[in-house]
Amino acid sequence: TIAGNAASPAWRLANRLAGKSGSGTLYEGDKAGTAKKIIDATNTESDTGIKTVSVESGSLGTYTAGPYKPVLECLSELAHGLDGFDWYLRPITGTAGKIAEFVAGPVIGGKQVDTVFEYGVGRHNIRSMTFIRDLGTVMNRAYHIPDEGADSPGATVVSKEDSISIGYRGLFEGIIDPLGLTDTTLREAWATANVEIRTNPRLVVTMTPDIFDPGQPGRVPIFGTDYNIGDFVRARAVMYGTQLFDGFVRVYNVQIDVDDNGRATTTPTLVDEETAAVNTGGGIGSGPGKGGGGAKNNPITNSIILT
């Protein structure tokens with residue numbers, strides 16, 4: 001028996017460095033375009049197996065890669081923030097030396113109104129389910145501290161809180177990623193966005209979908225046909241007559257496992273629509289962290305995981 005494992009090609013970018021000089025490398029223009037340029041420069045030195053095509057995010061800015069910073073970390077920083085973008089590494093075959101393609105855009109995916117995952121109701125296409133409320137990411141008071149530190153001359157600390165949440169479950173506070181922001185309005189908006197999303201515990205739901213039955217087409221959604229990375233799909237669950245959740249969620253990551261008989265089990269990770277709308281880093285897909293390596297390496301979302 002030969003066992004084989006496949007991992008996201010993003011790990012290659014985690015082991016390559018950008019901006020290999022004392023001052024790093026300065027890039028200007030579209031943020032997704034900058035990410036492409038960094039990958040291109042990395043490929044020029046030694047190919048990563050990752051193909052690039054023209055991409056745009058609609059967000060402009062300047063970015064210094066490095067000095068001596070992992071490429072994957074650079075991509076995460078570029079995609080991070082209120083004006084961030086979605087990205088993932090799409091597996092490809094048939095292209096000599098290339099195993100993935102860098103895909104990026106303002107938002108990846110669309111709403112698939114006919115794709116529905118249902119437990120205990122409707123199509124009954126989920127075999128089993130467990131769920132927990134995770135307090136690990138709760139934050140109802142957020143502090144934004146400038147990159148230069150709270151004790152630097154002229155520095156101010158911005159904070160935002162949810163007083164109702166504090167009164168209900170106590171104070172949970174933390175320091176958010178500064179993102180290099182200096183404008184007070186943007187700093188306040190970023191702190192507010194973090195509190196609005198992290199004020200409630202994360203709901204984590206693990207589901208096991210039924211095996212696809214050709215005799216009942218449309219009952220069990222098929223990855224690549226009925227939904228894809230970045231899409232919004234419907235998920236609902238009823239247990240003992242009580243509705244646990246019902247709404248649109250985003251396909252955040254997809255894992256495919258193949259058993260000894262060659263049968264594939266598709267495991268999509270879903271997050272609720274509201275929290276998925278906020279960029280907090282990384283990329284959609286498979287791999288470390290916003291997945292594919294990295295659309296939103298989002299530690300502050302409510303997630304629904306199907307296995």
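This is a predicted model: local features need pLDDT of at least 70, side-chain atom pairs count only at pLDDT 80 or more; totals for chains, interfaces and linings use all residues.
Okay, let's start inside. The largest nonpolar core has 24 residues, and the members that touch the most others are Ile 38, Leu 75, Phe 85, Trp 87 and Phe 102. Helices H1, H2 and H3 and strands E4, E6 and E7 each put in at least two residues, with H3 giving the largest share, six. Take Leu 75: setting aside neighbours within four places in sequence, Leu 75 is in contact with Leu 13, Ala 35, Ile 39, Trp 87 and Phe 102. There's also a second, separate core of 18 residues, including Ile 108 and Val 254.

Now, a polar residue. Asn 43 sits in helix H2 and is buried, at 15% relative accessible area. The Asn 43 side chain makes a 2.6 Å polar contact with the side chain of Thr 48.

On to the charges. We have 16 salt bridges in the structure. One of them pairs Arg 16 with Glu 45, at 3.8 Å between the closest N and O atoms. Arg 16 is in the loop between H1 and E1 and Glu 45 is in H2, so this pair ties together parts 29 residues apart in sequence. Which end is buried and which exposed? Arg 16 is buried at 17%, while Glu 45 is exposed at 51%.

Then look at Arg 250 and Asp 86, a salt bridge at 2.4 Å, N to O. Arg 250 is in strand E15 and Asp 86 in strand E6, 164 residues apart, and both are buried.

Note on methods: Residues are numbered from 1 along each chain as its sequence is written. Side-chain values use heavy atoms; hydrogens and water are left out. A nonpolar core is a set of buried Ala, Val, Leu, Ile, Met, Phe, Trp, Tyr and Cys residues joined through side-chain atoms within 4.5 Å. Buried means under 20% relative accessible area, exposed over 50%, partly exposed in between (1.4 Å probe, protein chains only). Helices (H or I, at least four residues) and strands (E, at least two) are DSSP runs, numbered from the N terminus. Contact means heavy atoms within 4.5 Å. A polar contact is a pair of N or O atoms within 3.5 Å; within protein, one must be able to donate a hydrogen and the other to accept it, and residues adjacent in sequence count only if both atoms are side-chain atoms. A salt bridge is a side-chain nitrogen of Lys or Arg within 4 Å of a carboxyl oxygen of Asp or Glu.
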